[in-house]
Amino acid sequence: MIFNYKMSDRKEYYKTPAGKKSNTFNQWKKRGLIESKEFMEQIYEEYLKSEECELCGNPYKNSKDKQMEHNHLTGEFRNIVCKRCNCWKTDRACKSITKCSDRNKYVVKIMRNYKYVLRKRGTEEECREILNQFILDNPHWFT
């Protein structure tokens with residue numbers, strides 16, 4: 001009987017603002033977010049205030065649609081995004097170098113959220129150099 005009493009206390013605690021905050025922090029840590037306590041507080045405040053996805057700009061459908069997006073290798077926080085952008089992020093940033101119909105010409109293409117962010121022509125070496133520089137400047141798009 002004591003066990004049930006403690007469980008009900010715990011359930012009540014997680015309904016309070018402090019309990020919700022604690023639960024959110026625990027979930028983020030389980031998923032790999034590695035940040036200082038002070039920065040976690042800032043992220044949480046930003047998370048509460050956020051009303052639309054920082055990548056696509058669409059409003060959140062419900063509270064479960066709002067998610068914390070982070071680098072899975074380093075644990076570094078990136079954005080507060082919708083579930084769709086968080087799940088599809090790696091699929092939605094694509095890069096390619098293709099040969100053009102022009103003789104000895106290639107084109108490098110980088111798309112983000114189904115829109116071109118870079119499209120340039122040049123020799124194969126120039127295109128590879130452009131692509132490598134873009135990846136170095138924007139590593140968070142490809143991890």
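## A buried charged pair

A salt bridge with an N to O distance of 2.7 Å joins the side chains of E69 and R78; the term stands for a side-chain nitrogen of Lys or Arg within 4 Å of a carboxyl oxygen of Asp or Glu. E69 is buried, at 4% relative accessible area, and R78 is buried as well, at 15%. Buried means under 20% relative accessible area, exposed over 50%, and partly exposed in between, with a 1.4 Å probe and protein chains only.

This is a predicted model, in which local features need pLDDT of at least 70 and side-chain atom pairs count only at pLDDT 80 or more, while totals for chains, interfaces and linings use all residues. Residues are numbered from 1 along each chain as its sequence is written, and side-chain values use heavy atoms, with hydrogens and water left out.

## A charged network

The whole structure has five salt bridges. One of them pairs E41 with K21 at 2.5 Å, N to O. E41 belongs to helix α3 and K21 to helix α2, so this pair ties together parts that are 20 residues apart in sequence. Helices (H or I, at least four residues) and strands (E, at least two) are DSSP runs, numbered from the N terminus.

E41 also forms a salt bridge with K37, with the closest N and O atoms 4.0 Å apart. Both residues lie in α3, four residues apart, about one turn of the helix. Shared partners join K21, K37 and E41 into one network. K37 is exposed, at 56%, whereas E41 is partly exposed, at 24%.

## Helix α2 and the cores

Within α2, the buried residues include G19, T24, F25 and W28. Just after this helix, G32 has a positive phi of about 110°.

The largest nonpolar core has 15 residues, among which W28, L33, I43, C53, F77 and I80 touch the most other members. Such a core is a set of buried Ala, Val, Leu, Ile, Met, Phe, Trp, Tyr and Cys residues joined through side-chain atoms within 4.5 Å. The elements α2, α3 (37-49) and β2 (77-82) each give it two or more residues. A second, separate core of seven residues includes V108, C127, L131 and F134.

## Cysteines

There are zero disulfides in the structure, a disulfide being a pair of cysteine sulfur atoms within 2.5 Å. For C53, the nearest cysteine sulfur is that of C56, 3.7 Å away. The sulfur of C100 is too far for a bond, because its closest cysteine sulfur, in C127, is 7.4 Å away.
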